[in-house]
Amino acid sequence: MILDIVKYGSPVLRQKGAKIEAITPEIKKLIADMFETMAVNHGVGLAAQQVGVAKLLTVIDVREVTDRPSTLELAGKPADVASIMPLVLINPEVTAAGDAVKGSEGCLSFPEIYAEIARPETVDVKALDAKGKPIAFRCGGLLARAVQHETDHLNGLLFIDRMDKKTKAELQPELDDLQAATKKLLAKK
Ligand code: ZN
């Protein structure tokens with residue numbers, strides 16, 4: 001089922017996700033729906049908050065993007081990024097493993113708004129997969145950026161919080177418009 005994507009201005013985007021204790025049928029359905037919703041919107045990642053659920057769950061798939069490379073290491077050895085796609089991260093823990101680099105980011109909760117964001121180029125990730133099994137890997141490039149962007153969502157953080165002051169100031173009118181439109185829509189419901 002394709003879910004509505006929550007836009008900036010909706011309070012759930014600022015909520016910290018609750019830890020997932022068990023992979024229930026509801027969680028399985030949510031994962032399937034999130035993948036479907038991400039695919040129709042051509043997203044690389046989607047966090048549960050973005051479909052209105054404040055839980056520590058995100059789905060990622062970078063395979064559609066061919067012009068921005070990703071890297072993967074499993075148990076210290078280079079591995080094929082596609083081998084872990086599509087990727088489900090439950091209760092993820094992300095640790096920086098490299099210096100920050102700037103890269104372009106967008107967000108399905110901020111339609112048509114893009115900005116350069118500085119983030120560590122490489123990160124170590126520990127999480128549970130869709131079956132509740134522990135997984136661990138090191139990743140770089142676009143995948144590392146997606147993992148960090150989505151993990152931020154799970155903690156109630158948004159990419160506007162990571163923008164430098166000048167970029168955010170330039171985008172402020174658009175951000176204010178989007179927030180006002182979302183609040184108007186929520187008031188009608
Ligand atoms: Zn986002």
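Predicted model: local features only at pLDDT ≥ 70, side-chain atom pairs only at ≥ 80, totals over all residues.

Student: Which protein residues are the donors of the zinc ion, and what spacing do they follow along the chain?

Tutor: The donor atoms are SG of Cys-107 and the NE2 atoms of His-149 and His-153. These donors lie 2.0 to 2.2 Å from the zinc ion. Along the chain, their spacing is C-x41-H-x3-H.

Student: Which parts of the chain does the pair Cys-107 and His-149 tie together, and how many residues apart are they in sequence?

Tutor: Cys-107 belongs to strand E6, residues 100–107, whereas His-149 belongs to helix H2. Because the two residues sit in these elements, the pair ties together parts of the chain whose separation in sequence is 42 residues.

Student: Is Cys-107 buried or exposed, and is His-149 buried or exposed?

Tutor: Buried means a relative accessible area under 20%. The relative accessible area of Cys-107 is 9%, so Cys-107 is buried. For His-149 the value is 5%, so His-149 is likewise buried.

Student: Which residues that line the largest pocket are the closest to its centre?

Tutor: The largest pocket holds about 470 Å³ of space. Its lining consists of 24 residues.

Student: Which element gives the most to the lining of the largest pocket?

Tutor: By class, this lining has 10 nonpolar, 8 polar and 6 charged residues. At least two residues of the lining come from each of E6, strand E7 (110–120) and H2. The element that gives the most, with 6 residues, is H2.

Student: From which element does the largest share of the lining of the second largest pocket come?

Tutor: The second largest pocket has a volume of about 230 Å³. Of its 16 lining residues, the closest to the centre are Val-94, Gln-148, Thr-151, Asp-152 and Asn-155. E5, E7 and H2 each supply at least two residues of this lining. The largest share, 5 residues, comes from E5.

Student: Which element gives the most residues to the largest nonpolar core?

Tutor: This core has 18 residues, and those touching the most other members are Ile-60, Leu-87, Leu-89, Phe-137, Cys-139 and Leu-143. Two or more residues come from each of strand E5 (87–96), strand E8 (122–128), strand E9 (134–140) and helix H2 (141–154). With 5 residues, the element that gives the most is H2.

Student: Which residues does Cys-139 touch, not counting residues up to four places away in sequence?

Tutor: Cys-139 is one of the core residues that touch the most other members. Not counting residues up to four places away, its contacts are Thr-71, Leu-72, Glu-121, Thr-122, Val-123, Val-125, Ala-144 and Val-147.

Student: How many residues are in the other core, which lies apart from the largest one?

Tutor: Its members include Ala-54, Ile-160, Met-163 and Leu-171. The number of residues in this other core is 17.

Student: Where is Ile-5 placed, and is Ile-5 buried or exposed?

Tutor: Ile-5 is in the segment before helix H1 (25–40). Among the residues that Ile-5 touches are Thr-37, Asn-41, Leu-46 and Leu-108. Its relative accessible area is 13%, so Ile-5 is buried.

Student: Which residues does a cis peptide bond join?

Tutor: The bond in question has an omega of about -10°. One of its two residues, Pro-86, lies in the loop between strand E4 (77–78) and E5. The cis peptide bond joins Met-85 and Pro-86.

Definitions and conventions
Residues numbered from 1 in each chain as written. Heavy atoms only, no water. Core = buried A, V, L, I, M, F, W, Y, C linked by side-chain atoms within 4.5 Å. Buried < 20%, exposed > 50% of the residue type's maximum accessible area, 1.4 Å probe, protein only. Helix = DSSP H or I, 4+ residues; strand = E, 2+ residues; numbered from the N terminus. Contact = heavy atoms within 4.5 Å. Donors = N, O, S within 2.8 Å, 3.2 Å for Na, K, Ca; no water. 1 Å grid on protein atoms, 1.4 Å probe; cavity = no way out; pocket = protein on both sides within 12 Å on 5 of 7 lines; lining within 4 Å. Points joined across faces, edges and corners; volume = space filled by probe spheres on them. Nonpolar A, V, L, I, M, F, W, Y, C, P; charged D, E, K, R; others polar.
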